[in-house]
Amino acid sequence: MQSQILWGTLLLAAGLVLTVLSVTVIPVFFLFYGIPLLVIGAALFIFRGREESIEALK
């Protein structure tokens, strides 16, 4: 498993937990932590493998 997939999964899970907790139980303060984790985790999934394709073009 590539590290981007592992870190993307972990960040998405942590962001999802913080976002759900902030909407349901804890005040909205945790949205400032949950949403960026979701965005970073999604970006790791979207841009995974880009460095291999760039190196192949060189």
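**View 1. Burial in the predicted model.** Of the 58 residues of the protein, 14% count as buried (under 20% relative accessible area, with a 1.4 Å probe and protein chains only). This is a predicted model, in which local features need pLDDT of at least 70 and side-chain atom pairs count only at pLDDT 80 or more, while totals for chains, interfaces and linings use all residues. Residues are numbered from 1 along each chain as its sequence is written, and side-chain values use heavy atoms, with hydrogens and water left out.

**View 2. Helical make-up and overall dimensions.** The protein contains three helices and zero strands (DSSP runs numbered from the N terminus: H or I of at least four residues for helices, E of at least two for strands). From the N terminus on, the order of elements is α-α-α. The C-alpha trace spans about 50 × 20 × 10 Å along its principal axes.

**View 3. Packing of helix α1 against helix α2.** Helix α1 (residues 3-24) packs with helix α2 (residues 31-46) at an angle of about 155°, their axes lying 7 Å apart; axes are lines fitted to C-alpha atoms over the stretch in contact, and angles run from 0 to 180 degrees between N-to-C directions. The angle therefore makes α1 roughly antiparallel to α2 (the term applies over 145 degrees). Residues of this contact divide into 17 nonpolar, eight polar and no charged; Ala, Val, Leu, Ile, Met, Phe, Trp, Tyr, Cys and Pro count as nonpolar, Asp, Glu, Lys and Arg as charged, and the others, Gly among them, as polar.

**View 4. Contacts across the sequence.** Among contacts between residues at least 6 apart in sequence, 55% join residues at least 24 apart (contact means heavy atoms within 4.5 Å).

Terms used: Parallel < 35°, antiparallel > 145°, perpendicular 65-115°, else oblique. Buried < 20%, exposed > 50% of the residue type's maximum accessible area, 1.4 Å probe, protein only.
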